[in-house]
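Have the viewer open while you read.

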Amino acid sequence: MSLQDLYQEIILDHGKSPRNFGELDPYTHEAEGFNPLCGDQVRLMVRIADGKIEDLKFSGHGCAISTASASMMTQLLKGKSVEDALKLVDKFRKAMTEDGDHGDMGELGCLSGVREFPNRVKCATLAWHALKSAVTTGGKVTTE
Amino acid sequence: MEPGTLDVSSTRAEFPALHQSVSGVPLTYLDNAATTQKPQSVIDSVDEFYEQDNANVHRGVHQLSQRATKAYEDARAALANWIGAASDAEVVFTKGCTEGLNLVAASWGGSNLQGNDTVLVSTMEHHSNIVPWQMTAERTGAKVEPIPITDAVELDLEWLAARLAKGGVKAVAVKSVCNVSGTVNPIKEVARLAHEHGALIVVDAAQGLAHQKVSVQDWDADFVAFTAHKAYGPMGIGALYGRKALLENMPPYQTGGGMVRGVTFEKTNFAEPPERFEAGTPNVAGAIGFATAIDFLERVGVEAMARHENCLAKLAEERLSEIPGLKIHGKAKHKAGIVSFTMTEAHPHDVGTVLDQYGVAVRTGHHCCMPLMARLGVPATTRASFACYNNTTDVENLFNAVIKVKELFG
């Protein structure tokens, strides 16, 4: 596994210029993801209407991996039903932590290299944990 | 020519773990503030204890137990001598600095602090010298107040003097060397100020042992917490120095075997210090390894080590400063061999991962100093920390790997 495999162009791009970065107003659901080991922090704001994610944004600070992962997640989930979004969250988390063939991950496939760097997996999954907390509890929670 | 007066290559040869490759390149180990590697003599002394003398201490009449007890108490004496304690009884073996500081906060703090009392804790403290005080404060009603620091990461001594003069301060908690910025704090001066106003000084010397010649009496410190593994010794062993008059009047921290004089169901009488604070079977092999590490510090010369490490850290600072967008945190006048930096292009975690791929081991993150990170205005830093076995090649490897970060993320 080389550095170029981990830090693919698309990750560097999203890391440098994250999409959907900032505050969402108004939002219906919110959660904070916090990695106590490194201090990475992501705040996720989601607007849900009729069981659908109308819009979502994130703010906070983190490494290239966590920022890129959050950025790509917001792009993929915008317009999806909450049900489909949660399915994708589970699929992504499995792909990050479990060996084996996880099928076509689309754009997220570029993050598959992270699995070879076990201490960076939490960076990649931070925003996804936060998303799940936000939409399942519907309140303001902190995930670790 | 290597800086300082150390014979670096022969010192380096004593450390088996340094002679390996990671990611296909020779290891550049610059995470010494997290833990140093161990010389063969320390590894052998721990092995020899288990191979030849293994027995419990203070409770057997057989030969092995007598040998183990003697080795354990000799280790205490060696440590007491090295740190300049007035007597061996002032040295309590712990599992590390964290336990030592928890012991002071719980035992001394728990029995001496009340509602109107304040403990001053410096902003640059490690969580292990903050959280135990918060816990004690919760139980006693005392307050924990931060001592501000300057932009250079130095204690604001003027503020400290003024705050002490206002009264109500029972203890001042500071570290002797900062694990993030390398700042060497003026412990003697802080002790003088604290004592002038009737407060005690509690020193976290986690980084101190390997980087400065410690003398608890010269410092005039009341409590000093040490750990072995950051000074070439084994993990899981440390020591707390406490002034005899203080230890004698403190209640036990943990209770059980080995720390009592007599037990009935009506009443238990506790042993005198240091045994009072060493409940249960101690880490005898660790204590022996700790004493062997002290031998190593003495043999190589801790002052020569400090000079050598400072030269390397200065060189690293100079080289890294050439890189645009790289900021070094902590510009204290007196520094030990620790360099923390951030880069505009890359988060410390990405820096750490890239460096690791080039064989360079550094620490990235908040270094268990979140209040200091907040004061510096960064979520995390990358930290390179030097030991006696590092050389200028290590500095160049660090520099070259940081350049790779710049290329990848720039």
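Predicted model: local features only at pLDDT ≥ 70, side-chain atom pairs only at ≥ 80, totals over all residues.

Residues are numbered from 1 along each chain as its sequence is written, chains are lettered from A and ligands numbered from 1 in the order in which they are written, and side-chain values use heavy atoms, with hydrogens and water left out.

**Between the chains**

The size of an interface is often given as the accessible area lost when the parts come together. Here chain A and chain B bury about 1400 Å² between them, with 62% of it on carbon and sulfur atoms; buried area is the accessible area (1.4 Å probe) lost by two parts on being put together, summed over both. On the chain A side, Leu3(A), Tyr7(A) and Cys38(A) lose the most area to chain B, together 35% of what that side buries. The contact (heavy atoms within 4.5 Å) draws on 21 residues from chain A and 15 residues from chain B.

There is one salt bridge between the two chains, the term being used for a side-chain nitrogen of Lys or Arg within 4 Å of a carboxyl oxygen of Asp or Glu. Its partners are Arg120(A) and Asp350(B), at 2.8 Å, N to O.

Which elements of chain A give two or more residues to the side that touches chain B? They are helix 1 (3–6), helix 2 (9–16) and helix 3 (64–77) of chain A, and helix 1 of chain A gives the most, with three residues. Helices are DSSP runs (H or I, at least four residues), numbered from the N terminus.

**Helix pairs**

Axes are lines fitted to C-alpha atoms over the stretch in contact, with angles from 0 to 180 degrees between N-to-C directions.

| Helix pair | Axes come within | Crossing angle |
|---|---|---|
| Helix 2 and helix 3 of chain A | 8 Å | roughly 85° |
| Helix 2 and helix 3 of chain B | 10 Å | roughly 160° |

The angle makes helix 2 of chain A roughly perpendicular (65 to 115 degrees) to helix 3 of chain A. Ile11(A), His14(A) and Gly15(A) of helix 2 meet residues of helix 3 including Ala64(A), Ser71(A) and Gln75(A).

In chain B, helix 2 and helix 3 are roughly antiparallel (over 145 degrees) to each other. Phe49(B), Gln52(B) and Asp53(B) in helix 2 meet Leu64(B), Arg67(B) and Ala68(B) in helix 3.

Methods:
Parallel < 35°, antiparallel > 145°, perpendicular 65-115°, else oblique.
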